[in-house]
Amino acid sequence: MFDFSFAASIFPQLAVAAITTVFVTIASFLFALVAGIPLLLLRRSRWQIVSQTTTAVVDFIRCTPILVQLYFLYFAMPEFGVRLSPLATGLLVFSVHYGCYMSEVYRAGLEAVPRGQWDACVALSLPRVETYRSIVLPQMIYPIIPAAGNYLVHLFKETPLLASISVVEMMFVSAEIGADRFRYLEPITLCGLLFLIMSIAAAGLIRTAEFFYGRHWRRAW
Amino acid sequence: MDVLIEARWLVLSGTIVTLRVFVLSFLFAAILALLLGLLRQSKHALVCGAATCWVEFFRGVSTVVQLFWLYFALPFFGISLSAETAAIIGLGLVHGAYGSEVVRGAMQSIGRDQWEAATALGYSRRQTLFGIIMPQALIAMLPPLGNSLVLLLKGTSIASIITVPELTFQSALVVNRTLAVVPIFICVLLIYYSIAIAATWIVRLLERKLGRWRPQTLNIR
Amino acid sequence: MIPQPFIAFSTVSKRFGARVVLKALDLEIPRGQKLAIVGPSGSGKSTLLRILMTLESVEAGSVRVDDQYLWRGGREQTTKATDATTAAIRRRIGMVFQQFNLFPHMTALQNVSAAPIKVLGKSKDEALAQARNLLARVGLSDKVDAYPAFLSGGQQQRVAIARALAMNPEILLLDEVTSALDPELVGEVLNVIRMLAAKGDLTILMVTHQMGFAREFADRVCFIDSGEVVEDAPPARFFDAPTQRRTQDFLRTIISA
């Protein structure tokens, strides 16, 4: 059934590919974290036309499959003269897609800060920038951690989609090995286990971060 | 001209397959979610523990790898599934696990006081669970259901990777043949978006019709 | 020439959607007065304070502080002051809220010193020294490094009062500051307010349900119901011999409760 020696022999290849996977995950997540900010600001714009267009676009991107978006950019960009490597294309699509999710997370985090905090800042004549910087932002971070962490793990688990545009990550390598040696069981099982272990570890880290953030000043939470 | 007609047919058949996979995997996932959610409420540590392990496992796996494994690796154990069956089972397993969290959350949101009132009236544990808690919990599950449905819809596009002829798969085919990249993909994205909107609309309708007694429902625009 | 009152509300009208909260309300408050505002819930009392604190807008009427108009208009319309004027008026007013609204991620000391540093531009040492001083005056010198989540309701409210005082306001607004407190914690907050009332020059507007305290500390009591001033008298006359029927009914329900 399961050939353990075969599995052991292909493990190094998968481990190397895991590095690409992790790199893509972290890079696109960081870009997504940044991308979420202008999207949030546009959504909260005072001009109805800007905020409603942004909401519609963000909604559209969030509700449609990332794979189609990936194919779209991968096949469409050369038509407009833009030639990006598969990796870069993947990073771009993931960043924008998850950036949309992050803008929603930021919005929810902002709304989680009690109205009274804003009132107190007005009563103390605290300028707007200072209000955001020292009062609102620190309180926003706490609800954002679990939501953002959740999306990080989702992003990680969706990186195998990049295999379909020939990015050499874990799933691509295991499919390659499978086709090469006519045995899919061991490579895919290993690949799956690696994903499982890493995502559970990541979830644990996120829960730890959630536990430690602001532990000294919050109690009832 | 023939190319365009063929394209339209491919897209149409792809949409039908997508809808079929969507509905069938939703049914499978819903049954699993309810089952697992209930099992996790069990007083028996073994039952509760086993269900929890199952849920954590399927929440931690990558859907892409999962589908791949069911289609390419399972044959090595003598079980050969068709691509569509593998997709439905794989999506059902993963989204059933995610769904069980929604079920669990909804059941826990029905406060202790409902249990206490039922006990005071002489209801048995089973009577309370099925007669009092579940009806309320089922409606409490509706708001997050819309979100879960959209996630599942996006999941169906992953089936294209294991050669299920659903919409994403067909769209890549069409683009290859007609080379009309932008309009085809925009059309496909709009189809997905329409399905997503229709699904969330149905859920919201259900919410309004069934949740009339809930004060929260009245606040939803 | 009669000097104009320090604070003046004139035909102020305010609506929240379809609900009329203030109906062409007139109210004048001389400098240094301690005014208690009482009335049933939803009567517009808190809204009045919030308008003065520039937290709410107004549909018609005038709101004046000293020689500056926050809102200027008549019965039907009004215009808001410029941002600069609004900010200037805001600087002279301090407010303490029913829900305390302390910054949870800052210690008591930091809560009290934050605004003086960031807004008044005081040096850190100066602001901290003032903060310690104020916290000592409200009886919390041993809690300067505590976070709000670890303080009782009464202690949090006292920190909130110190925080408002740190900005040296000329007008202090107290919006039902004891309503969210457990009964045994109300007294410590009222003591602090009593101490403040002894300072002659601070104008205090206090919305409250504490009738006994209002009678004792206020120079004047105002009864607001359904968006208008129904009765306005010194405490002795207000509580012992109210002239209006609605005031009598209100006092009866409060006393019997």
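Q: How far apart are the nearest C-alpha atoms of chain B and chain C?
A: They are 16 Å apart, and the two chains do not touch. Contact here means that C-beta atoms, placed from the backbone, lie within 7 Å. This is a predicted model, where local features need pLDDT of at least 70, side-chain atom pairs count only at pLDDT 80 or more, and totals for chains, interfaces and linings use all residues. Residues are numbered from 1 along each chain as its sequence is written, with chains lettered from A and ligands numbered from 1 in the order in which they are written.

Q: Which pair of chains shares the most contacts?
A: Chains A and B, of the 2 pairs of chains in contact.

Q: How many residues are in contact on each side there?
A: 30 residues of chain B meet 28 residues of chain A.

Q: Which elements of chain B give two or more residues to that side?
A: Helices H3 (63-73), H7 (142-156), H8 (167-178) and H9 (181-210) of chain B. Helices (H or I, at least four residues) and strands (E, at least two) are DSSP runs, numbered from the N terminus.

Q: And what is the make-up of chain B's side by class?
A: It has 21 nonpolar, 8 polar and 1 charged residues. Ala, Val, Leu, Ile, Met, Phe, Trp, Tyr, Cys and Pro count as nonpolar, Asp, Glu, Lys and Arg as charged, and the others, Gly among them, as polar.

Q: Switching to cores. Which residues touch the most other members of the largest nonpolar core?
A: Leu67(B) and Phe68(B), in a core of 119 residues. Helix H4 (residues 83-109) of chain B gives the most to this core, with 11 residues. A nonpolar core is a set of buried Ala, Val, Leu, Ile, Met, Phe, Trp, Tyr and Cys residues joined through C-beta atoms within 7 Å. Buried means 20 or more other C-beta atoms within 10 Å of the residue's own; exposed means 12 or fewer, with partly exposed in between.

Q: What does Phe68(B) touch?
A: Met171(A) and Ile188(A) in chain A, plus Ile161(B) and Ile162(B) in chain B. That leaves out residues up to four places away in sequence.

Q: Which residues does the second core include?
A: Among them are Ile37(C), Ala131(C), Val138(C) and Ala166(C). That core is separate and has 77 residues.

Q: What stands opposite Ile37(C)?
A: Val207(C), in S9(C). Strands S3 (residues 34-38) and S9 (residues 203-207) of chain C run parallel, joined by 4 bridges.

Q: What is the strand order of the sheet in chain C?
A: S7-S8-S9-S3-S10-S11, an open sheet of 6 strands with mixed pairing. Its edge strands are S7 (93-96) and S11 (228-233) of chain C, each pairing on one side only. Two strands pair if DSSP finds at least two bridges between them.

Q: What lies across S7 and S8?
A: Helix H5 (residues 153-165) of chain C, at about 175 degrees to S7(C). Axes are lines fitted to C-alpha atoms, for helices over the stretch in contact, and angles run from 0 to 180 degrees between N-to-C directions.

Q: What share of residues is buried in chain A?
A: 40% of its 221 residues. For chain B, buried residues make up 42% of 221.
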